[in-house]
Amino acid sequence: MIDSNNMARVVVLGGGVAGISAAYHLKNGMAGDVVCYEANSTVGGLLSNFSISGFRFDNAVHLSFTKDEYVKAMFSKTEHYSHAPDSSCYENGVWLRHPIQNNLYPLPIEDKVSLISSFYDAPKECGDNYSSWLVSQYGSALAERYPIKYTLKYWGIDASRLSLTWIGDRVRKADVGEILRGAFEARVDNHYYANEMRYPKQGGYFSFIKPMLEKIDIRLNKKALSINLALRSVTFADGEVVFFDKLINTIPLPELIRIIDGVPESVKVAAESLLYTTIDLISVGFSKVIENKNLWFYIYTDTLAARAYSPSLKSPDSVPDGASSLQFEIYNLSTSDELTAEDMIADIKSYLIKSKLCSEDDILFLHHKKIPYGNVVYDHDMEMRRQVILDYLNSNSIITAGRFGEWSYLWSDQALLSGKHAAEIVSQ
């Protein structure tokens, strides 16, 4: 006999932005019990934040540049700053505006001649991998010096092992006029995929989605251990068993498949084959306002970190008066050996001093935090293997949402809309 007290009309697994959005839009669009379960003691997933000695840090760089009117309207209810999308790149002591291929001006003449000559010799056709695409766009010299090198840092995998399906407008395509102008003179053109970057005045990026929490029933410290599809039940680590009519999943697909009873071997194999990156965050507090003027920047040499951002520039509310901060992101492929926190902290400290961003005396602390899931990796045929999993889940009436539930390279606004879409499917 099913205990009605442990019965939910809809169970939502995962309390990140997609799970919160799914529960929120269900509560606002249908009758019946909807409960969101989060394994951790805090909500928000990648969009949550943490504090160290009065300094607030997001879980990696987060800035809203959504063009979706629905999401813009939701986020606009939160007081926020509007920043210009200016960023820079660091290479061997030289700072160049982003994207590098359009801002070669600070480089020596011989470097510029070599890079631009290679651009004109670039093959017109490319193969089916990202490395080949980059060479066809920029020429081998520029591609190998910058984006191919950065790919290994950011994706944890060689560019030749990545497909082309994820690119879209995330990577600036080469334009001869832009490249030449940026080599002849210092430019301030905006080549980013947004005109402004919005960030809450208080409370970190999480403040954009916090209002949705007031409308939903979310339970913390509820790690799902097993799912019985025959009984339509979820068993949690604390022993509670919850029965459901509908299940919306936003936890990572590999983890979901591991806890479902009786999964076919082909689905298990597909799930275990999915690659992703982890993120090691090195958060740094400074005793004064350092000279950094970049909201965020990309790093091509001298450190393990792929990029960094400044919480104190996103909002003064992130730091004590008279202080400043940076956070560095170190990415690692899920199948690679993990680095030690001590080695990563030493690496970032060395970079800070070598790059002259600060002196050792300016550093109050360097803090390490590991994010177990950062980005899904688009290696070859990933979509085919992902579809095996999604077809199985769909056949069992499990709806998926979010970056790791859909296993797709979604930004925060897209993840929010993914949760909304899942709610709409349940409501049909």
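## Reading salt bridges and burial

User: Which residue does Arg198 form a salt bridge with, and how far apart are the closest N and O atoms?

Analyst: A salt bridge is a side-chain nitrogen of Lys or Arg within 4 Å of a carboxyl oxygen of Asp or Glu. Here Arg198 pairs with Glu196, with 2.6 Å between the closest N and O atoms. This is a predicted model, in which local features need pLDDT of at least 70 and side-chain atom pairs count only at pLDDT 80 or more, while totals for chains, interfaces and linings use all residues. Residues are numbered from 1 along each chain as its sequence is written, and side-chain values use heavy atoms, with hydrogens and water left out.

User: Are Arg198 and Glu196 buried or partly exposed?

Analyst: Relative accessible area decides that: buried is under 20%, exposed is over 50%, and partly exposed lies in between (1.4 Å probe, protein chains only). Arg198 has 7%, so it is buried, whereas Glu196 has 27% and is therefore partly exposed.

User: How many salt bridges are found in the whole structure?

Analyst: The search gives 19. Some link up into a network, and one such network joins Glu91, Asp111 and Arg145.

User: Which parts does the Arg56 and Asp317 pair tie together?

Analyst: The salt bridge between Arg56 and Asp317 has its closest N and O atoms 2.7 Å apart. Arg56 sits in strand 4 (residues 55-58) and Asp317 in the loop between helix 11 and strand 16, so the pair ties together parts 261 residues apart in sequence. Helices (H or I, at least four residues) and strands (E, at least two) are DSSP runs, numbered from the N terminus. Arg56 is buried at 18% relative accessibility, and Asp317, at 29%, is partly exposed.

User: Where do Lys288 and Asp362 lie?

Analyst: Their closest N and O atoms are 3.8 Å apart, and they form a salt bridge. Lys288 is in the loop between strand 13 and strand 14, and Asp362 is in the loop between helix 12 (341-354) and strand 17 (363-371), so this pair ties together parts 74 residues apart in sequence. Lys288 is partly exposed at 41%, whereas Asp362 is buried at 9%.

User: What does Ser318 touch?

Analyst: Contact means heavy atoms within 4.5 Å. Leaving out residues up to four places away in sequence, Ser318 touches Gly54, Phe55, Arg56, Tyr199, Pro311 and Ser312. Ser318 is in the loop between helix 11 (311-314) and strand 16 (324-333), and its relative accessible area of 2% makes it buried. Its side chain also reaches the backbone oxygen of Pro311 at 3.3 Å.

User: Why is helix 6 largely enclosed by the rest of the structure?

Analyst: Helix 6 (residues 147-155) has seven of its nine residues buried, so the rest of the structure largely encloses it. Those buried residues are Pro147, Ile148, Tyr150, Thr151, Lys153, Tyr154 and Trp155. Their cover includes helix 4 (130-138), helix 5 (140-145) and strand 13 (277-286). Gly156 follows helix 6 and has a positive phi, near 70°.

User: How many helices and strands does the protein chain have?

Analyst: The secondary structure comes to 15 helices and 18 strands. The radius of gyration (taken over C-alpha atoms) can be set beside the globule rule, which is 2.2 Å times the number of residues to the power 0.38. The chain's value is 23 Å, close to the 22 Å that the rule gives for 428 residues, so the chain is as compact as a globular protein of that length. Of the 428 residues, 56% count as buried.

Technical notes. Polar contact = N/O pair within 3.5 Å; in protein donor to acceptor, adjacent residues only side chain to side chain.
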